[in-house]
Amino acid sequence: MNKQALEEIDYFRIRDSIASFCISQEGKEILLEREPLTDFKKIENLKNLSREWTSYISAASTAPLSSWEEIHPLYAVIRTNGASLSLEQVYALGQFTLSVKKVLSQIQNYKDKLDFKYLTEEAAKIPDFQETEKKIFSIISTDGQLRDLPEIAAIRKEIAGLNQKIKNIMQSFTSNQKLASALESSVPVLRNGRQVLAVKSNQANRIPGIIHEVSQSAQTVYIEPEEAVRCSNDLIQKQHELAQVIKQILTKLTQSLQPSLPLFKAALPVMELFDTTYAAAQWGLSVNAVYALACKNEPPLLLQARHPLLGEKAVPIDIRFLDNKNVLIITGPNTGGKTVTLKTFALFAMLNQSGFPIPAAEGSRLPVFSNIYTDIGDNQSLDQSLSTFSAHMKNIAEAVKNARSDTLILLDELGSGTDPQEGTAISMAVLDKLIEKKSFVLVTTHQGILKNYGYTNPSCINASVEFDAGTLSPSYHLLMGVPGESHALDIAQKNGLPLDIVKSARNYIATEQADVSALIRGLNRKHLELNKLQKEAESLKSVNDEKTLRLKEKELQLRKKEQEIKEGKQQELNDFLIHSRRTLENLVRTLKEGEVTREKTLSVKHFISELEGDTQRLEKKIEEQNEKLAKAQEEFEKEILKGKHPASNKKTKKKMSNARALETATPVIPQLLANNKPAKKEEAAVLCIGATVCHKTTLMQGSVIAENKKKGWQVQFGSVKMFCKEKDLKVLSSEKTQYSPDISIELNSSGDGITYKDEAPAFELRLLGYRVEEAIKALDRQINLCILYNFHSFSVIHGKGDGVLQQAVTDYLSHCNLVKDFSFAAADDGGTGKTYVQL
């Protein structure tokens, strides 16, 4: 990866910040060497591990890892026969084994709760350190101190005894009042590792012993008393003996750790991986970052991106590439944030390829780039005889030469530093070449021609940084799809350029740029309006999604309730059957045990009677529940019909001319007209054999031909006989009616010669493709057939089209006195292209 480009986009500064979260020195060193990867699987593995650590941090209160000192340099010591680790090195190995134990324990505790998949897979690569840990901590304690082993306990005891003896000897001299005038101090001091007394030089002969040192003034001599000399010699011997024993113990331990060397080599890379990914997760939480999604076939997208170096001052920006549009041209005022936008996109792409989170919103997605090239800032060099323009060209030439379809290229102030006309020509030629190579390119510029280039070239997207005309300052928001003005004159005036100079400059450019500036301002206003509408649509979608979730939750609760009711009914039935079976078995047993008596016969009859009663009660209970459900269903359907369509709440009865009304009016069947006359009061119809009935659900008419106490009433519907319950039938007439198998009714309804013979009404009348006159005749025929067959409702499919057929059907239904109500269908059943009719 291009290190110069990484330096220019501040990648290394962010990487160093993330590395500071590492727990171990070895993990930190690994992270400080990391550069963006190009292997998609490795990138996703790093991000997945950090994702799981993020969920762990949110759920757990303790860190999963504990620190350890470097252990990699100790491998050579362990491999060497006869070599010995120091006590500090042994403690470093012990710290590592404890950290391994802790992280494995934490992953095991949370793997089911937090659904750890990738951490569990990596943890499985760590070998068992139980024996190694036991060896190490049998020699040292958990705080790194050598344990009081049997072989060194006796020597330590002797050393302690000698130290006490020397202390007593010294105390005997310092507490002797006779020697008080000879001593400079009553406290012994150390010289060359031995305790000595500070004695006045003119009194030195009063204390026999060895003089170890004389003060610079020669007024004081340091004497070790003869009694203490022998004890100090013995102490030195014992201390040497103790050091030899400790070295032997550590040498023996070092040799015993040789079989564990492969375990350390296998575990260390995994522990470094855990440390670095955990550090990335901690940094991500500190800057409110997320993990970018992979770009499969979608273009890159950054939502609410915030440059981490800007901290709380960062203004979130959205960067949206479109399909087959890989070049983003950003324009706008100076100090408006154009260069920051370039760096933000590139930095986030490189952080993503390093397995790090990015400070952006969920839904952001980034591709994997093979390399990155930049031309940012002024690379002028006196040493290399490079002017500003030459430095730019050198960087651009390198980028064009190495550009590929998966290369990211940043070009800041493209075409600047030379003649504007030639610079613009070079800029467009460079972009043409990069478009040809299908590279991802982000460009900033002040050149007006490049704004037009962005509009006319199908591979480019224009964008601009927003400028507040009221305060004459940039707002740092990025507007996608709209080019921006440079506002150089406004910014110059705000920064102190004399007003007369600014006015003169405006006069120079007024005739050339007025139209373009007005166009750009209009586009900016339109973009703001579209943003507002988009936010409103997103808010509405959020509300609808929430309502949908609540409905799904309610549906689930109802299904659970239904299942509970079914289980309860099944249990009730099982209990009833078990009780009945036991009673019946007892009766059979009683009958078999002797002769049949009157009492036994009565008991059997009584049981059968009770069984029938229980069965009838259960049936009645079920019927009551079914009636309640049917009533609720009927009320629900009425509500549905009322709310099918906004237009269904009121009928569209429009005024019609008399001629039009006569054309569409329906001559009513004479028999139906007769029904409108006042009729004599009739007695209520009774359900009996021979009565004419109508089935409430199917609306079919038939005649009752028999009664069955258990099955109900047997009804003849045409050529079909079936049993029905009384509650499902509506009595139309109690008089016996004889039906002829062939009914032929011929009516001339409107003088058009239409004959109704052996026809039946349609559940769904399709008028698509009909002319208005044909459609009205077909609708008239349908209504007459419905009246003949006692058909109460049907639907009409007339389509939407230009609305002529829809309006004709609506006008006809509005003025037909046989129509009770009509409304448009629901959106999922045809909407305004379909009408429900009730007669």
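I shall discuss a helix, a sheet and a single lysine.

The model is predicted: local features need pLDDT of at least 70, side-chain atom pairs count only at pLDDT 80 or more, and totals for chains, interfaces and linings use all residues. Residues are numbered from 1 along each chain as its sequence is written, and side-chain values use heavy atoms, with hydrogens and water left out.

I begin with helix α2, residues 11-19. Helices are DSSP runs of H or I with at least four residues, strands are runs of E with at least two, and both are numbered from the N terminus. Buried residues of α2 include Tyr11, Phe12, Ile14 and Ile18; buried means under 20% relative accessible area with a 1.4 Å probe, protein chains only. Down the axis of α2, the buried residues fall within an arc of 160 degrees, taken from the directions from the helix axis to the C-beta atoms, so they line one face of the helix. They pack against α1, α3, α11 and α12, where contact means heavy atoms within 4.5 Å.

Next, the sheet. Four strands form an open, antiparallel sheet in the order β1-β2-β4-β3; two strands pair if DSSP finds at least two bridges between them. The edge strands are β1 and β3. Strands β2 and β4 pair over four bridges, and Lys200 stands opposite Thr220 in β4.

Finally, is Lys834 buried or exposed? Lys834, in strand β23, is buried, with a relative accessible area of 8%. Among the residues that Lys834 touches are Ser795, His798 and Phe824.

Conventions:
Buried means under 20% relative accessible area, exposed over 50%, partly exposed in between (1.4 Å probe, protein chains only). Lists of a residue's contacts leave out its neighbours within four places in sequence.
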